[in-house]
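Q: Please pick one part of this structure and take a close look at it. Then lead me on from there, in short steps.

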Amino acid sequence: MGAGKIERIEAEPRELPAALSRLRGEGYSHLITITGLDEGDSIGLIYHLARPGGGVAHLHASVAKGGEAPSAIGVFRGAYIYEMEVHDMFGLRFSGNPHMGRRLLLPDCYPEDEPPLLKDTDPGRVREKLFAPGTVCLQGPPVSGLSRYSPESIAVPFGPYHPAFKEPEHFTLIVEGERILDAIPRIGFVHRGVEKAAEQRSYLRDIFLLERICGICSMHHGLTFTLAVEKLLGLEAPERAEYIRTLVAELERIHSHTLWLGLVGYWMGFETMFMWVLTVRETIMDLIELVSGNRVHKSIVTIGGVRRDVEGEKLRRVGEKIRGFEKEFSRLIGDILSLDEFIERTSGIGSYTAEDARALSTVGPVRRAVGDPYDIRKVEPYCAYGDLDFKVVTGDRGDVYSLVQVRAGEVLESIHMVEQIVDHMPPGNPVPKRPFMGVVKPGEAYARTEAPRGELFHYVRSAGKHSPDRVKVRTPTLANIMLAAHALRGQTVSDVPLVITMIDPCFSCMDRVLVADAGSGRRRILTEADFHRMRRRW
Amino acid sequence: MRGALALLVDAFKAILEGPVTRPYPPGPAVEEEARGMPVVDWEKCVGCSLCARSCPAGAIEMVPAGKMRVGKREVPVRKPRIDYMHCIYCGLCAEVCPRGAITMAKKCLLIAGENI
Amino acid sequence: MDGATAVFAALVFPGLLFTFLMGLFFEYVERKLVARVQRRIGPLYAGPGGVLQPLYDFVKLLVKEELPPEGVDRLYYWLAPLLAAAAPAYGMAFIPVSSFRLSIDTPYDYVFTLFLFSFAVFATAAAGYAVYSPYTAMGVGRLVVQYSVYEAIFASTLALASLQTGATSFRGLIEYQALHGPLALYQPLGLAAAVVALLAKLEKTPFDLPHAKQEIVAGWMTEYSGRGLAFLHIAKDMSAVWGSALIVAVYLGGPLGPLYGALGGLVDAAWFVAKMVAVYAAVAFISSLAGRVRVRGLAEKIWGALLPLVFVQFLVVVALRWLV
C-alpha cells in the first residue's frame, strides 16, 4: 500500500465532470492532483482521486493538443490550481476555469507556444525566445482595480524577498489600515526544471535529483520516487531496509516540525524562542548525520533498499539521544505553550473550517488540525508503519495554535516510533549488492507518503528505457497554499507572517519546473580558485 | 503567569550554561559519521567511466590520462577528475567503482578559509 | 553657567560625544546579553570581546553606497536622521550626570524634556514621510499610534515625580533624592510603568511594531541606506542612553551613591553610568523574552495594564504629600 501500479479508468474528455462526480459519489472525495502526459498527438490527463479511508482511483482522458477540456472546479473546488499547472506545462485550456488567463508556475514572459513538458519542446528554442530583445520579465503587483476594495486601500507587496520568508514567494496584500481585504498569491519564483530534468537522467540519478526538490523533506522525495519505481520493477526492499527508511523518515519529520515550531517564534517576533528551539533541534541533526552521513540531504534510499546500514552501536546511540531530546523538547514546548502571550498571538489566528480544508484538498497537519485524521501512514501504511504503534494527532479548531499543538504532538509520536524502531530492528542486510542501473519495463505507477508537510505524491511512467518517460510530483505545499491565501482575508498585517506560514510552506518544493536551464548545453563552471578570487574582490 | 516564570528560569539557565555555538574556526570540520568527500586514486582506476555516467550532479569528467596496455596494444585511456564545486558529496561514485579506486575521505572542502 | 560650559555640555559631556560613545557601548551590552540569553556568543572579533563591533558597524555603514528611492522629499530625507540623532544628544545635555555641574542647568529643564521627546518622534516620522512606499507608510502609521499610546504613560509618570518632589528641574529632583532617598522607594509602580513605556519608546520587542521585520521589513526606515541608516541606528542607541539616563535621574537618584561628592566628579559619573547600564540591561533582558504584540492589542495592553498602576501611584503620591 502507499504505492501501486496504475489501473486507469477511461473517460471521454467531455464526460470528465460527470465521471469525476460519479467517483466522488463512490467516496473518492480527495483530489490528489492532475497529471498531464504527452501522448504524441494528444495530451493525456490523469485525475488521481483518493478515498479518505484508503484507495486511489485514476481517471484518464485524452485531449487533442492545443484543445480544451472541461474544468473540474464544479466538482472539486481545489482543482483549479492543478488545472493551471497543466495549462502552464502542456498548453491545454480548461473551459470554465476563470484563471486560465494567467500563469501559475512559469514567468509571464514565457513564450505561449512552447509548453515546456511537451516532448518536442526544444530548450534551446525557448531560450532564444526568452532572451530575445524586448522580452520583459518584470512583474508588478496588480495595482489596477484597487478601488473596487475601498478608497483607502493600498497594495502591500509581500515578497518575493521578505524577511519573513525562507524562500522567495509573492503575496500581494490589499490592506486598509492594518486589515487585509484580499491576498493574491503568485508562485513560481524558484523553478528548477526538476520534472523535465528527471526525464533525461537514469532512475538512480533521479533519486538524488528529486531529493533536491526540498532541503527539509528531501528524504521523502527520494523515498516516494523509489517506492513507485519498486512497484514498476516488482521489487520489495528487505524488511530491515524498510525499518531504516522509516527511521530516517521519522527523524526528518521531527526536524522539520521542530524547525517550524521555532520559526513560529521568529514570525511573531520572539527570536529567543527560535534560538532555543533550534538549540534543541541540533540533537536531531546530529542523529540524521549519524544515521545517513549527512545533515541535510540524507541520500539514504536507493532502489531495492538503503545505502547504509545502521548497526547495533549506532542504533543504541540513536535510542539514547532521542530520549534526551524528548525530555528537553517536552520541557521547552510545555513552557512556551503555557505562555499567555504565545496563546494570545496564535489562538484564533488564521482560522479555517473543516469544510474549507476538505474542499481545497488540503493535506497533512493542516487537515488534521480541524479534526480530520487523514494521514497516509495510517490510511495506506508503507515501509514499516504497519508494524508500528502510533496514533494520529488531530486538533479541533483549525488555527495557528491548534497547528502548533498538532505538530508538537506529532513530534512526540515520532519520538516513540523511533524508540520502537530502535528496539525492534529486524536482522538482515538492507543494502542491495550493487546500485540499480538497469532498464525498467513499460508501465506506470504512483506512490504517496506522508511527508512532514502532508501527503506527497509521485507519479512515474516508464517507456522501457534507462530513464523515466514522465515523473510528476505533487508536493503538499501546492495543495495547501490556497488555504493560506483564503485564511489571510480579514486578518491584520501583524498576523500575516504567522498565517501564511501556518501551512509550513516549502515554496521551493512547490515550484519545480523551469526549462531555460535544462539541457541548454552551456554552463559556466566555477572552480574553487574562482570562488576565492570572487571572495577577495568582495 | 506560570509560563512567564518558566521563561525567566530558562533565560537564566541559558546565561549560566553558556553558549552552545562555537567560535570560528570550529574544531574538527568533519564528524566521524559524515560521508566525507570522494578522492580518486588514478593508480587503481581502470578508466571504465562508470562513476562519470552515474554521478547525479555530472561532476565527474573523464580526462585523457596517457596510455594503458591492454594485451599487447597500447590504448589511450581517460580517467575521472572530480569537480568539487559541482559535487554533491553523495558517495555514489565510490559505491559503483568496480576497483575501489574512489574512496570517501573524512575531510571536507572549506570555501570560507584557507588555513583551517 | 557661561556659554562655553553650555557648549561643552551640549557637544562633549554629557551631550553629543558622551552620548555617542555610551550609545555604542549600550548596543554592545544589548547584543552580548541577548546573545547569551539565546545561547549564542554574540560579537567577538572586533576589539576585546567584540566591544568595538558597534563602532565597526557604524563606520561600515558610513562608507556604504546610498540608494535613495525615486521621488523622495530630499530635504526631509536627509534632515530626519540628523534631527533624530540630535534630539537625544541635546536631551542628554540637561541630565545631571555627575556632582560637578557640567550639564545645562535651567529652572524648567525637566519639563523641557517632554518637548524633546515628541520632537524626536516627529523627526523619525518625517524620515518615513519623506519616502512614499507601502512599508514606510505602514511603519510611520504604527509609529505615531504607538507614540500616542506610550507618551501618555511616560508623561504622567514624569509628572508624578514632579508632583512628589515639587521640582521642575533636574537639580531639584536630585536635591530631593539626596535628602529623602531615591524616588524608586516611593514610586515603584511609577518606575515599572516608566520602564514599560521606555520599551515602547525605544521600539524594543514586544513593542517593535514600527519596524517589525517579519511584517513590514524595516518599517519607517526601509528605504534608508548608507549614512542615513547609520545615523538612524546611532540615533536609536543614543535614545536608549537618554531614556535610561532619565529613569536613573528621576527614580534611581542620578549620580547619588556612597561617598557622593567626596571622591570627585568622575566617581559620581561612574555611579550614574553603572546605574544606566543596569537599567538598559534590564530593558534588553525583558525585550529578549517577549514576542511582538499585535497592533490591535497595543492600546489595550499598554493602557489597560499601566494606567491602573499610574493611578494607584498617583493616590500614593497624594497621600504622601498630605502626610509629609
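A: Cys90(B) has a relative accessibility of 5%, so this cysteine counts as buried. Here buried means under 20% relative accessible area, exposed means over 50%, and partly exposed lies in between (1.4 Å probe, protein chains only). The model is predicted, so local features need pLDDT of at least 70 and side-chain atom pairs pLDDT 80 or more, while totals for chains, interfaces and linings use all residues. Residues are numbered from 1 along each chain as its sequence is written, chains are lettered from A and ligands numbered from 1 in the order in which they are written, and side-chain values use heavy atoms, with hydrogens and water left out.

Cys217(A) is in no disulfide, and the nearest cysteine sulfur, that of Cys214(A), is 3.3 Å away. Cys217(A) is buried, with a relative accessible area of 2%. Cys90(B) is in no disulfide either, since its nearest cysteine sulfur belongs to Cys55(B) and is 6.3 Å away. The cut-off for a disulfide is a pair of cysteine sulfur atoms within 2.5 Å.

Next comes Tyr89(B). Tyr89(B) has a phi near 55 degrees, a positive value in a residue other than glycine. Tyr89(B) sits in the loop between strand 3 and helix 3 (92–96) of chain B. Helices (H or I, at least four residues) and strands (E, at least two) are DSSP runs, numbered from the N terminus. With a relative accessible area of 22%, Tyr89(B) is partly exposed.

Strand 2 (residues 60–70) of chain B pairs with strand 3 of chain B in the antiparallel sense, over nine bridges. For two strands to pair, DSSP must find at least two bridges between them. Opposite Lys79(B) in strand 3 of chain B stands Val63(B). The hairpin of these two strands has two residues between them, and there Gly71(B) takes a positive phi near 65 degrees.

Chain A has such backbone features too. Ser361(A) has a phi near 55 degrees, a positive value in a residue other than glycine. Ser361(A) is in the loop between helix 11 (354–359) and helix 12 (365–368) of chain A. At 1% relative accessibility, Ser361(A) is buried.

Helix 6 (residues 218–233) of chain A has 16 residues. This helix reaches 23 Å from its first C-alpha to its last, close to the 22 Å expected at 1.5 Å a residue. That expected span is 1.5 Å times one less than the number of residues. Of the 16 residues of helix 6 of chain A, 15 are buried, so the helix is largely enclosed by the rest of the structure.

Now to chain C. The peptide bond from Thr205(C) to Pro206(C) is cis, with omega near 5 degrees. Pro206(C) lies in the loop between helix 8 (188–201) and helix 9 of chain C. Leu61(C) belongs to helix 3 of chain C and is buried, at 17% relative accessibility. The C-alpha atoms of Leu61(C) and Leu229(C) are 7.2 Å apart, though 168 residues separate them along the chain.

Open space comes last. On a 1 Å grid over the protein atoms alone, a cavity is a set of points where a 1.4 Å probe fits but cannot get out, and a pocket is an open set with protein on both sides within 12 Å along at least five of seven lines; lining residues have an atom within 4 Å of a point. The second largest pocket has a volume of about 1100 Å³. Its lining has 39 residues, and those nearest the centre are Glu271(A), Glu30(C), Lys204(C), His211(C) and Lys236(C). Helix 10 of chain C gives the largest share of this lining, seven residues. A volume is the space filled by probe spheres set on the grid points, which are joined across faces, edges and corners.
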